[in-house]
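Hello,

Here is the structure we talked about passing on. My notes follow below it.

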Amino acid sequence: MCRSTMSTPAADRLSRPLPHHVAVIGAAGGLGQGILSVCRAEGVGFTAIVRSRPERITDVPRGCRVAVVTSLADRAALTDALSGADAVLTALGVTSTSDDRSALLSAHMGTVEASMLAAGVDRIIVINTLLASAPGTPPSRAMRLFSWIPTRIGRGASEQQAVVAALGSGAFSSLRWTLVRAGVNARGKDERPVASAEWDSAVNSWFPVSYAAMGRWMIEEAASNEFVRAAPLVSRRRR
């Protein structure tokens, strides 16, 4: 397990258990980097999975590594990258790769599942948008609207909805999955995300949290297993 000498304020230290090692798909993006920063601070081992330019991932502690997997269809490469992980965290958002089939989770969920099982890991945390409905329910009006937009946003919304629909149809059925419906951005640093099944009577707000705060919540959930095969809404606490 890799360790970091970075310290964190007492108020920010986790009270919930942490995994020993996580594999992060999409590690080079904003959320991916946020997850890795928490791993370094808390001594959680990581495998940073990227499609290209592994040099983007710097400060790789001993026991951690960067794995280049150019396509989610590559079962052998994925299996090797996921080996040794306690859980898989996805950090795939709306990017220029949203129209590249090799990068689409929705197109390769069967391969990801088979690779995880071959690697001996059955826990996965999947990030999605606050606008997503729970698996097995119709898409929200907002998701339908964004999916019709012929831009990167539309392609991203279509991909996110496809992942939700696949879970509702039985994808990842042999895994302990969590679909995190959340809003994240590059701003903020002190939020403590809260989770609920739905908005009614929840303490959640609609405000997004920072990449690091969301990464911390995902790492905690990977070990605490409070939302297995569920789709919690995760955002800032309502004030």
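How many salt bridges does the structure hold? It holds 10. A salt bridge here is a side-chain nitrogen of Lys or Arg within 4 Å of a carboxyl oxygen of Asp or Glu.

Before the details, some ground rules. This is a predicted model, in which local features need pLDDT of at least 70 and side-chain atom pairs count only at pLDDT 80 or more, while totals for chains, interfaces and linings use all residues. Residues are numbered from 1 along each chain as its sequence is written, and side-chain values use heavy atoms, with hydrogens and water left out.

**Salt bridges**

Arg16 and Glu226 pair through their side chains at 2.9 Å, N to O. They sit 210 residues apart: Arg16 in the segment before strand E1, Glu226 in the loop between helix H6 and strand E10 (233-235). Helices (H or I, at least four residues) and strands (E, at least two) are DSSP runs, numbered from the N terminus. Arg16 is buried, at 18% relative accessible area. Glu226 is partly exposed, at 49%. The cut-offs are under 20% for buried, over 50% for exposed, and partly exposed in between (1.4 Å probe, protein chains only).

Arg216 and Glu42 form another salt bridge, 3.1 Å from N to O. This one ties helix H6 to helix H1 across 174 residues. Arg216 is buried at 14% relative accessible area. Glu42 counts as buried too, at 18%.

Asp100 and Arg51 meet at 2.9 Å, N to O. Asp100 is in the loop between E4 and H3; Arg51 is in the loop between E2 and strand E3 (65-68), 49 residues away. Asp100 is partly exposed at 28% relative accessibility. Arg51 is partly exposed at 31%. Elsewhere, shared partners join Arg16, Arg192, Glu220 and Glu226 into one salt-bridge network.

**Helix H1**

H1 covers residues 30-42. The expected span is 1.5 Å times one less than the number of residues. Of the 13 residues, 10 are buried. Among them are Leu31, Ile35, Val38 and Cys39. The cover includes strands E1 (21-25), E2 (45-50), E4 (87-90) and E5 (123-129), plus helix H6 (211-224). Just after H1, Gly43 takes a positive phi of about 75°.

Glu113 lies in helix H3 (residues 109-119). Glu113 is buried yet has no salt bridge. Arg229, the nearest side chain of opposite charge, is 7.1 Å away. For charge, Lys and Arg count as positive and Asp and Glu as negative; His and the chain ends are not counted. The backbone nitrogen of Phe172 is 3.3 Å from a polar atom of the Glu113 side chain.

**Nonpolar cores**

The largest nonpolar core has 31 residues. Those with the most contacts inside it are Ile49, Leu82, Val88, Met109, Met116, Ile124 and Phe172. E1, helix H2 (75-82), H3, E5, helix H5 (152-168) and strand E6 (176-182) each supply at least two of its residues. Apart from this core lies another, of 30 residues, including Ile35, Cys39, Ala213 and Phe227. A nonpolar core is a set of buried Ala, Val, Leu, Ile, Met, Phe, Trp, Tyr and Cys residues joined through side-chain atoms within 4.5 Å.

Best wishes

Notes: Contact means heavy atoms within 4.5 Å. A polar contact is a pair of N or O atoms within 3.5 Å; within protein, one must be able to donate a hydrogen and the other to accept it, and residues adjacent in sequence count only if both atoms are side-chain atoms.
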